[in-house]
Structures are given as C-alpha cells and as structure tokens.
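The structure is shown first.

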Amino acid sequence: MADAKKNKFKAIIIGGGPVGMYLAHALQTTGIDYVLCEKRDAIPPSTAFGLFLWPHGLRLLHQVGLLDRTEAISSLLTKITHAGPKGDVMREYSDFGFIHLAHGYPVRMFDRASLGQMLYDALREPAAHVRTGKQLVDIERRAGGVTAHFADGTREEGSIVIGADGIWSTVRDLMRRDAPEGLFDAVPFSANYRAVFGRSPLPSRQPGSSSGLELEQQFEFHRDGALLQLFTSKREVHFISYLKLDQPRRERSGFDETIDASDAAVAPWLDTRVAAATGLTFRDLWQTRAAAGGANLDEGVVRMWHWGRTVLVGDAAHKVLPNQGMGANGGFEGAASLVNQLTALLRHEPDPNAAAFAAYQAERQGVMGAYRGMARDELAGWTREGGRRWTRCVRRIPMVSRAVRLDAVPFPGERVGLAGWGYKVPAEAARAAGGGPKL
Ligand SMILES: Cc1cc2nc3c(=O)[nH]c(=O)nc-3n(C[C@H](O)[C@H](O)[C@H](O)COP(=O)(O)OP(=O)(O)OC[C@H]3O[C@@H](n4cnc5c(N)ncnc54)[C@H](O)[C@@H]3O)c2cc1C
C-alpha cells in the first residue's frame with residue numbers, strides 16, 4: 001500500500017470490548033492508523049461471565065502475534081458432559097479434542113478482564129491510541145471525513161467510524177437517524193430466552209481436597225425449557241442458566257445484578273449435583289459466586305451494517321445466543337474481514353468506505369445468520385429433559401475451517417489441522433493440498 005495513501009486514512013473505533021480491541025490489533029498489524037474510544041474508565045471489563053474462544057478466534061490472535069500471551073491467561077476446554085436435572089451423567093464427549101485435531105488450535109476459556117488487559121498491553125503505544133471515559137454521543141459528517149463527539153465535550157476526527165459498541169450500539173442509532181426511514185430497525189433483536197450467568201471460585205469441599213469438579217470441562221444439565229451450563233477454568237467455574245420465555249420479547253433490556261436464589265432460572269438448579277463424586281451442588285457455587293446477573297438473550301442479525309462513513313462490527317451487527325460461544329469469535333472474524341476489504345481498497349483508493357463496507361457485509365452477514373440459526377437450533381434441543389437432541393459441536397468444523405484471516409499479514413507459523421483452512425486458499429497451497437480445503 002502506498003504510504004501517502006495509508007497515512008491519510010484513520011479509523012475511529014467506538015467500543016473497547018473484545019471485538020474493538022482485536023480490531024485495533026488487526027488495524028495496527030496492517031499499518032492502518034486508528035484511535036479507539038471506550039465509554040468505560042478502563043479497558044479490562046469487570047464482567048459476570050468468561051468467554052471461550054474457538055480455534056478460528058485463537059488463530060486470528062496468533063496471526064497478530066498474541067498466541068503465547070493468549071495461552072498464558074486461558075485454560076483448555078477438552079470434554080463435554082451431559083447430565084439430567086439432578087446431575088445424573090448421561091453422556092460424555094471429547095468433541096473439543098476433535099476440534100483441536102481438526103483445526104490445529106484448541107478451544108480456550110478466558111476471564112474477560114485478563115483478555116481485555118492482555119489485548120490492551122500488547123498494543124504498540126496503547127496510551128496514544130486508546131481513550132477511555134469517551135462516550136460517543138454524535139457523529140458529524142464533513143467533507144472527506146467524520147467527527148465523533150463525546151459526552152465530555154471532546155471530539156475525534158478521522159476517515160471512518162467503526163461501531164464496535166455492542167448490542168445497543170450508539171453508532172447504529174446514529175446511522176438510523178441519518179439513513180432513509182425503514183433501513184434500520186430501532187430494536188433489531190428479539191429474545192426467546194432469558195439467562196442468569198455468573199462465576200464462582202473453583203470450590204474445594206475441604207481445604208486441600210478436590211471439589212470433584214473436573215478441570216477443562218463443559219457440563220450441560222438438561223430439563224424441559226431450561227439448561228444449565230458450567231465451564232471450569234484454572235481458577236473459576238463459569239455458569240449460564242437458560243430459561244425459555246413464555247413469548248418472544250422485543251425491547252431494549254439491560255443486565256440485572258439484583259438476581260437472587262429465588263429467581264426462576266436459579267431455584268430449580270440449586271440441588272443439582274454438579275460433581276457426583278463429592279456431592280457438590282449448584283447451590284455451593286451460587287453461594288460463593290464472585291459475580292452474577294441476569295439478562296434477556298437478545299439475538300438477531302442487523303439488516304444493514306453500514307451507512308455513509310460508518311460501519312458496524314461485533315454484537316452491534318449480529319447477536320447470537322451464547323450457548324455456542326460464537327459471538328466474539330464471529331466478531332473477530334468480521335473485524336478481520338473489514339480490515340481485509342479496507343486494506344485491498346487502500347492500495348488504489350485514498351479514501352475507501354462504502355465499497356469496502358458492502359463487500360465486508362456481503363462476506364459476513366450470511367455466515368453470522370447461519371451461526372445464529374445453529375445456536376438457536378442447539379439450544380432448542382438442549383432445553384429438553386433427556387430428549388437426546390444433542391447436536392454435537394463438531395458440526396461446526398466445516399464452517400470454522402473456512403474462517404477469515406488477515407490477507408495482508410504473513411502467517412508463517414500458522415497451525416493447520418486435519419480439516420485445513422479453506423478461506424481464500426492461495427493457488428499454490430491449494431495445488432499442494434490436492435485441490436483445496438478438505439471439508
Ligand atoms: C453469558 C454470555 C456468555 C458468552 N460467552 C461467549 C463465549 O464463550 N464466546 C464468544 O465468542 N462469545 C460469547 N458471548 C458473546 C460475547 O460476549 C459477545 O459477542 C462479545 O462481547 C461482543 O463483543 P463486542 O466487542 O462486539 O461488544 P461488547 O463486548 O458489548 O463491547 C462493547 C463495548 O462498547 C462500549 N460502548 C458502548 N456504547 C458506547 C458508546 N456510546 N461510546 C463508547 N463506548 C461504548 C461498551 O462499554 C463496551 O466496552 C457471550 C455472551 C453472554 C451474554
């Protein structure tokens with residue numbers, strides 16, 4: 001890319017969640033100038049639930065040089081155990097092991113604060129590029145660029161605004177204000193499930209003894225209309241309890257931290273044995289929780305992802321149910337796709353916007369719609385007591401193997417599993433592999 005063109009172009013990222021922070025790395029690695037503005041006072045969030053990243057998310061972090069740091073702050077997931085409402089084990093699968101073999105990278109569990117801190121610390125000159133306490137309130141279009149205005153009266157000037165500001169995106173609201181009526185919905189998402197989620201320290205029944213909860217595990221406890229998921233990491237147990245709503249909700253909802261043990265998503269599970277060997281129950285985890293809260297699980301894919309010089313990534317554009325753990329992973333891929341389009345156009349155009357945005361949306365919208373459908377389908381099956389409609393997470397292997405990576409960034413150490421990587425396989429690699437991706 002000619003430096004003169006590259007130097008003039010600057011992206012303003014709104015939102016320092018996982019997707020905004022990965023995007024900052026992707027832009028930095030490809031040599032595109034950026035500033036990231038986050039409304040909170042710090043980048044590492046203090047949240048109630050962790051995050052697991054799939055091989056394609058880890059691969060993107062590897063490509064920008066973060067694999068070692070990523071491994072240091074996360075733990076592997078290896079096994080899934082399905083059980084009934086009382087805790088009777090019904091089936092165990094080693095799907096995460098297959099996924100590791102298929103893609104060359106494993107599935108890893110993070111706490112969000114460590115992930116956010118790592119992504120911040122690893123940026124080049126983070127203090128020069130990341131501003132906190134900056135709540136976007138307006139975007140003004142001017143000739144050849146945009147001005148972002150913040151609640152504290154300050155502003156940032158740039159070429160484009162990228163809204164990585166989450167489910168109730170201000171950037172999206174401002175796009176809707178400026179676009180013809182009907183192009184953007186005021187509430188583009190709806191909820192069919194509610195969830196209570198939280199995290200507890202890994203318990204010990206007695207000092208020095210084991211709780212009986214195996215590490216590196218995903219546990220699924222099934223009953224009609226409800227599901228309890230547990231994930232163990234090195235230090236914590238993360239839990240999500242899903243409850244089917246009587247009817248779909250279409251409203252802007254928030255995170256409620258006042259949930260107690262009488263909540264309909266908590267009370268039925270209190271006596272569930274989460275570790276058969278020791279009799280540890282969900283009550284034990286609930287009573288020692290470090291954080292917890294409840295929210296409607298809104299989902300949907302926004303119809304239009306860009307307008308003028310603004311574009312959406314991550315949850316601002318697509319919200320999927322969390323049972324598959326594809327929200328942030330899909331957001332990382334989308335960020336990489338957007339950076340690929342910008343990089344390609346910046347070679348010829350000093351000021352790319354709409355064409356790059358449309359190509360990015362075209363590449364990602366259908367994929368995220370498919371992930372959304374799979375997550376709904378899976379949750380519908382998993383909220384059945386003993387119904388044995390357990391879709392296996394290995395069915396995502398063909399989609400994951402076609403995941404996006406950064407086109408313009410050399411990736412000599414890329415790991416490849418049995419399924420290969422099929423995204424824009426260069427002609428030579430395709431020939432060497434006998435014609436292209438295997439799945
Ligand atoms: C219980 C639960 C479990 C989940 N588990 C997983 C998982 O295991 N794996 C996975 O991939 N996904 C998971 N997800 C989904 C994942 O959390 C989201 O997809 C991901 O957080 C989206 O990242 P984001 O950066 O797009 O948005 P967010 O994480 O919502 O970040 C948006 C950021 O923008 C900031 N912001 C908002 N408005 C403004 C404004 N006006 N000005 C400036 N800043 C602003 C916010 O403060 C925030 O920091 C889970 C979700 C839930 C609810």
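Two residues are in contact if their C-beta atoms, placed from the backbone, lie within 7 Å. Helices (H or I, at least four residues) and strands (E, at least two) are DSSP runs numbered from the N terminus. The model is predicted: local features need pLDDT of at least 70, side-chain atom pairs count only at pLDDT 80 or more, and totals for chains, interfaces and linings use all residues. Residues are numbered from 1 along each chain as its sequence is written.

In the contact between H2 and H6, Pro18, Met21, Tyr22 and His25 of H2 meet Leu115, Gly116, Leu119 and Tyr120 of H6. The packing geometry of H2 is tabulated below; axes are lines fitted to C-alpha atoms over the stretch in contact, with angles from 0 to 180 degrees between N-to-C directions.

| Pair | Angle | Axes |
|---|---|---|
| H2 (residues 18-30) and H6 (residues 112-121) | about 20° | 10 Å apart |
| H2 and H10 | roughly 30° | within 9 Å |

Angles under 35 degrees count as roughly parallel, and H2 and H6 are therefore roughly parallel to each other. H2 is likewise roughly parallel to H10. The contact of H2 with H10 includes Leu23 and Ala26 of H2 and Phe332 and Val339 of H10.

Around the ligand there are 33 residues (C-beta atom, placed from the backbone, within 6 Å). The closest are Gly15, Gly17, Gly166, Gly314 and Gly327. H10 gives the most to this shell, with four residues.

Technical notes
Angles under 35 degrees count as roughly parallel, over 145 as roughly antiparallel, 65 to 115 as roughly perpendicular and the rest as oblique.
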